[in-house]
Amino acid sequence: MKDDEHVVILGAGPAGLATGHELSASGVQVSVLDRNDFVGGLCNTNVHKGYKFDLGGHRWFTKNEDLNTWFRRLMGDEIVWVERISRIYYDGGYYSYPISILNVIKNAGVFTIMHAGVTYLLSAVQYSIFNKSIDNMKDAYVAQFGGKLYDMFFRRYSEKVWGLPCEKLSSDWVSQRSAGLSIWTVIQESLLQTKSDNESLIEEFMYPRDGYVRIPQRMAEDILDKGEANEILLESTVTRINYRGPNDFEVVYKKDNGEEQSVNASKVVSTIPLGVLPRIMQNPSCSQEVIDAAKGLTFRALITVNVILRKERVSIDTWLYVQDEDILFGRLHEPKNWSPAMVPDQSTTSLVLECFCTKDDHIWEMTDEQVGQRCVEDLEEKLGFIKASEVIDFSCVRSLQAYPVYDLDYADKIAVIHEFLGQFEGLHLVGRGGTHRYNNADHSIEMGLLLGRKILGQDVDHMD
């Protein structure tokens, strides 16, 4: 690259910082802008009364050993190993996740598993022999597991997360998130006691001792250490991007005090939501067709309820997936089970409860007090995990644009947006929001590192 290259990165989440980390390691000047007053985006770790709470539980796991080596070098002695113990709460019972045939028989009975077997055979006939098309999320799950297991373990939780019937969601989500997982891997795992090669079935993973935010914080520290000209500008909301020609941009942003500033860039890396980016591009501006497509890319929001408890431990779970619609939260985890450093007093513990919602819906419109009290009631009265008297305190954190929704038309909308953005030479997209792709955090980091190498001239595809 030329000596005067300046890469401006929109968003200080894991993907944007990983791109900047890779570029700054090769001496490229990097500026990172973020509207928040912290780095990490959805990988933030909130601290309340000394207790540390991730925005949902983010694991570090990859089969790419080069990436694991990079991670160990980045985090040094901050890494702890976590045993994965996950369960599904379904109709008053607890089931192992990944699903175990023996566990289903034990909890639901042999007739349930026979029913599951019959429905799987029917789906195998439909989708394999008669080549029934897979048109939506329901089709994809039924083809993999049959109708009964789909209804028990996937339908209600999926609809709770996305706020839509599975028939109105794309099958792409299933192929991306559970590739290699099927009823055959379930049988292989539970009956033959062998291990599949599926990432979803891992038993152990790495985790930063003091919360997941330490990964983006470490990347930010390295970026600033690599060059005096590098900067990370927080509380800086990008308002427009002026394109002056190939590899020549002016990025305009507004500080929290209302002051407008700008920075010149030879390359722009965007992690801001794909539905927002085309509407702030200038010279040329986008057409109404692009605006409509951009507005059509939607996100689910998230309210995490962080509960501090006068109790040594609630459960042994890494995650608990809660299917029942009448329980407000859809997933919970106990930070202490990930790292003892997440709680200041080992005689106490804490929980993170994830309430999936959409901005302005009935859950989002509840006050923090209402959301917290309802979650405490569900923990006590429906799950029997705690007594209300054991609650020391709770707090709520609201996150917009948490989960990119894969509706049936999302891919067509993305294609329209990509066609428009493709004319801006030097503009690159990366990350969960930037690509409207539901990545794990480690996937986003890997994408960012690969994009950095691509910008440096290597022949790699960060979207692969």
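Before the first residue, a word on naming: helices here are DSSP runs of H or I with at least four residues, strands are runs of E with at least two, and both are numbered from the N terminus. What you see is a predicted model.

With that naming, Asn230 sits in the loop between α9 (214–225) and β9. Is Asn230 buried or exposed? Asn230 counts as buried because its relative accessibility is 8%, and the cut-off for buried is under 20%. One goes to the backbone nitrogen of Val30, at 2.8 Å. The other goes to the backbone oxygen of Ile223, also at 2.8 Å. Setting aside neighbours within four places in sequence, Asn230 is in contact with Ser24, Val28, Gln29, Val30, Ile223 and Leu224. Along the chain, Asn230 and Val32 are 198 residues apart, yet 8.3 Å separates their C-alpha atoms.

Beyond four places in sequence, Asn44 touches Phe38, Val39, Phe53, Asp54, Leu55 and Val213.

Now to helix α14. This helix runs over residues 410–421, which is 12 residues. From first C-alpha to last, α14 reaches 16 Å, close to the 16 Å expected at 1.5 Å a residue. Which residues of α14 are buried? They are Tyr410, Lys413, Ile414, Ile417, Phe420 and Leu421. These cover an arc of only 120° around the axis, so they lie on the same side of α14. As a reminder, an α-helix has 3.6 residues a turn, so residues three or four places apart point the same way. On the other side of α14, Asp412 and Glu419 are exposed.

What covers the buried residues of α14? The cover includes α7 (172–177), α10 (277–280), β14 (281–282), α11 (288–296), β20 (427–429) and α15 (432–435).

Apart from neighbours within four places in sequence, Leu421 is in contact with Leu274, Leu277, Pro278, Met281, Leu427 and Leu429. For background, nonpolar side chains in soluble globular proteins tend to be buried together.

Back to α15, which is part of the cover over α14. Arg432 lies in helix α15. Arg432 is an arginine to look at, because at a relative accessible area of 17% it is buried. Where does its side chain go? The side chain of Arg432 reaches the backbone oxygen of Ala402 at 2.7 Å. Not counting residues up to four places away, Arg432 touches Leu42, Ala402, Tyr403, Pro404, Arg437, Tyr438, Asn439 and Ser444. Arg432 and Gln401 are 31 residues apart in sequence, with 9.7 Å between their C-alpha atoms.

Next, the backbone. Most residues other than glycine have a negative phi, and most peptide bonds are trans. Here are some exceptions. The peptide bond joining Asn283 and Pro284 is cis, with omega about 5°, and Pro284 lies in the loop between β14 and α11. Glu235 has a positive phi, near 50°. Glu235 is in the loop between β9 (231–233) and β10 (236–245), and at 33% relative accessibility it counts as partly exposed. Asp360 is not a glycine either, and its phi is positive, about 80°. The place of Asp360 is the loop between β18 (349–357) and α13 (368–382).

Last, the cysteines. How many disulfides are there? The count is 0.

Terms used. Residues are numbered from 1 along each chain as its sequence is written. This is a predicted model: local features need pLDDT of at least 70, side-chain atom pairs count only at pLDDT 80 or more; totals for chains, interfaces and linings use all residues. Side-chain values use heavy atoms; hydrogens and water are left out. The expected span of a helix is 1.5 Å times one less than its number of residues. Buried means under 20% relative accessible area, exposed over 50%, partly exposed in between (1.4 Å probe, protein chains only). The arc is that of the directions from the helix axis to the C-beta atoms. Contact means heavy atoms within 4.5 Å. A disulfide is a pair of cysteine sulfur atoms within 2.5 Å. A polar contact is a pair of N or O atoms within 3.5 Å; within protein, one must be able to donate a hydrogen and the other to accept it, and residues adjacent in sequence count only if both atoms are side-chain atoms.
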